[in-house]
Amino acid sequence: MTIKIAVVQFPGANCDLDAMHVLNNVIGVETSLVWHNHFKEAEFDGVILPGGFAFGDYLRAGIIAAHSPALDQARIMLKDGRPILGICNGFQILTEAEFLPGALLQNESLKFVCKWINIRVENNKTPFTHKMKNGDVLAIPVAHGEGRYFTDNLKELEENEQIVFKYSDENGKYTQNANPNGSMENIAGICNLERNCMGLMPHPERASEAILSPKSTTHGKLFFDSMLEFIKRR
Amino acid sequence: MYQSEFEIEISLENKPAARDPVAETIKRDLLAKKGYDLISKVRSGQYLRIILKANDEKDAKEIVTSMCNDLRIFNPVTQNLNIINVKKL
């Protein structure tokens, strides 16, 4: 059976085609761009909620998309263990839809931050990180105005090993300088208890080809390779 | 059926535990620098003015509160909902 992945397109998405390109042409998995009102979970083995400004970020980033029928469809996938990856605005949507705990607030600097940063792998036992090692430092870009992760239940998140990535310097140290947005505990990405849903602010789809990376790294590709292999093994 | 129209003003404000860099900047880089150092605290937020049909003020408040809870108009993790004012139109 052919593996199929969906990239859900909301009005205002702008990283949807980047994700499509990487999945189809770099990873080589059949991937469809699906308008959010037309998304049917039964046709897909995994789904990606891409970056952008769904519904103009009105009221709060992600809140209006969180009420889209696409999220009702994705909730079925969430329950049966199929992988769901939210990138940037996709992460914001997943927290607002309560697939993931916590919230993403305006950057502490009040500025939109767009640059290459480093993240450290905290949990490689997820469908999106099993091809990485804990402690690995990945070079990856961020581009967001609301990426400051906040939770009122940090202890539970830590105890359940739901923190998947933290912002670090290139040596893997969690410094304040390495934190681009003021996130609590330098948190860059988290997963649900079952591990099949992950959200992160950085953009793996922009870090999957050497020609696009300042140091010719392809660390972003590991996310999609992991996801594809997870699907094959299910 | 509903008798009258009401106007409800609500504000959404970050909880004390969630830092509010907009308000911190207004206080530190504007008010304090321009001599308003008597200001001890500022909090920013969002404001919505809603007009709806309801039986009375209590009913109007209940409808708006339940709508805000159901649809996550405020984020319960980070924000508090305040009803600032209710008036009959």
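In the predicted model, the axes of helix H1 (residues 16-27) of chain A and helix H5 (residues 221-233) of chain A come within 11 Å and cross at roughly 70°; axes are lines fitted to C-alpha atoms, for helices over the stretch in contact, with angles from 0 to 180 degrees between N-to-C directions. H1(A) is therefore roughly perpendicular to H5(A) (65 to 115 degrees). On the H1(A) side, Val22(A), Leu23(A), Val26(A) and Ile27(A) take part, meeting Lys221(A), Phe224(A), Asp225(A) and Leu228(A) of H5(A) (contact: C-beta atoms, placed from the backbone, within 7 Å). Six of the residues in this contact are nonpolar, two are charged and none is polar.

Chain B contains two helices and three strands, arranged from the N terminus as β-α-β-α-β (DSSP runs, helices being H or I of at least four residues and strands E of at least two). Its radius of gyration, 17 Å, is well over the 12 Å given by the globule rule for 89 residues, so chain B is more spread out than a compact globule (C-alpha atoms; rule, 2.2 Å times the number of residues to the power 0.38). The C-alpha trace of chain B spans about 55 × 30 × 15 Å along its principal axes. Of the 89 residues in chain B, 17% are buried (20 or more other C-beta atoms within 10 Å of the residue's own). Of the contacts in chain B between residues at least 6 apart in sequence, 75% join residues at least 24 apart.

Residues are numbered from 1 along each chain as its sequence is written, with chains lettered from A and ligands numbered from 1 in the order in which they are written. Local features of this predicted model need pLDDT of at least 70 and side-chain atom pairs count only at pLDDT 80 or more, whereas totals for chains, interfaces and linings use all residues.

Note on methods: A residue is buried if 20 or more other C-beta atoms lie within 10 Å of its own, exposed if 12 or fewer, and partly exposed in between; C-beta atoms are placed from the backbone. Two residues are in contact if their C-beta atoms, placed from the backbone, lie within 7 Å. Angles under 35 degrees count as roughly parallel, over 145 as roughly antiparallel, 65 to 115 as roughly perpendicular and the rest as oblique. Ala, Val, Leu, Ile, Met, Phe, Trp, Tyr, Cys and Pro count as nonpolar, Asp, Glu, Lys and Arg as charged, and the others, Gly among them, as polar.
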